[in-house]
Amino acid sequence: MRIMAIDYGDVRTGLAVSDLLGFMCGEAWTVEERNPQRLAGRIAREAREREVGTLVLGLPKNMDGSEGPRAEKCREFKALLESESSLPVTLWDERRSSIEAHAILHANGKKEKKHRKTVDAVAASLLLEGYLGSLKR
């Protein structure tokens, strides 16, 4: 069963899908959509096309573990995703995923201005890898 990780953003959302065995990240990309309802529908279609069985949505937490307005927005989006996709949605702590994604892109020679186009896909890949790793423990 494939698993899809989602790094939800106001403009750009990163998506990453595991291989069939749920062992590692198979592909990652970004979707540009500002409307949460349309975005949830698009993610649901992408999940159906790729035979995804579980969605993992990044939950932004503060470094002290508390949640702010962005986390509430993600919880609302979780409900939309569950409604649109009929799939279970697991919230996953995404602290530092974007920082790590920027560091990875920088280490691979990507210019800072070019990060915007790919950083969300890399962050979704990191979310997916973290989630998959937790399943193996």
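## Cysteines

The chain holds zero disulfides by the rule used here, in which a disulfide is a pair of cysteine sulfur atoms within 2.5 Å. This is a predicted model, in which local features need pLDDT of at least 70 and side-chain atom pairs count only at pLDDT 80 or more, while totals for chains, interfaces and linings use all residues. Residues are numbered from 1 along each chain as its sequence is written, and side-chain values use heavy atoms, with hydrogens and water left out.

C25 counts as partly exposed because its relative accessibility is 22%, whereas C74 counts as buried because its value is 1%; buried means under 20% relative accessible area, exposed over 50%, and partly exposed in between, with a 1.4 Å probe and protein chains only. C74 is found in helix α2, and, leaving aside neighbours within four places in sequence, C74 is in contact (heavy atoms within 4.5 Å) with Y8, L57, G58, L59 and P60. The C-alpha atoms of C74 and G9 are separated by 9.1 Å, although the two residues are 65 residues apart along the chain.

## Overall fold

Four helices and five strands make up the secondary structure of the chain, and from the N terminus on the elements run β-β-β-α-β-α-β-α-α. Helices (H or I, at least four residues) and strands (E, at least two) are DSSP runs, numbered from the N terminus.

Of the 137 residues in the chain, 42% are buried. Among contacts with a separation of 6 or more, 61% are between residues 24 or more positions apart.

In soluble globular proteins, nonpolar side chains tend to be buried together.

Not counting residues up to four places away in sequence, L55 touches M4, I6, A47, L81, S85, L87, P88, V89 and T90.
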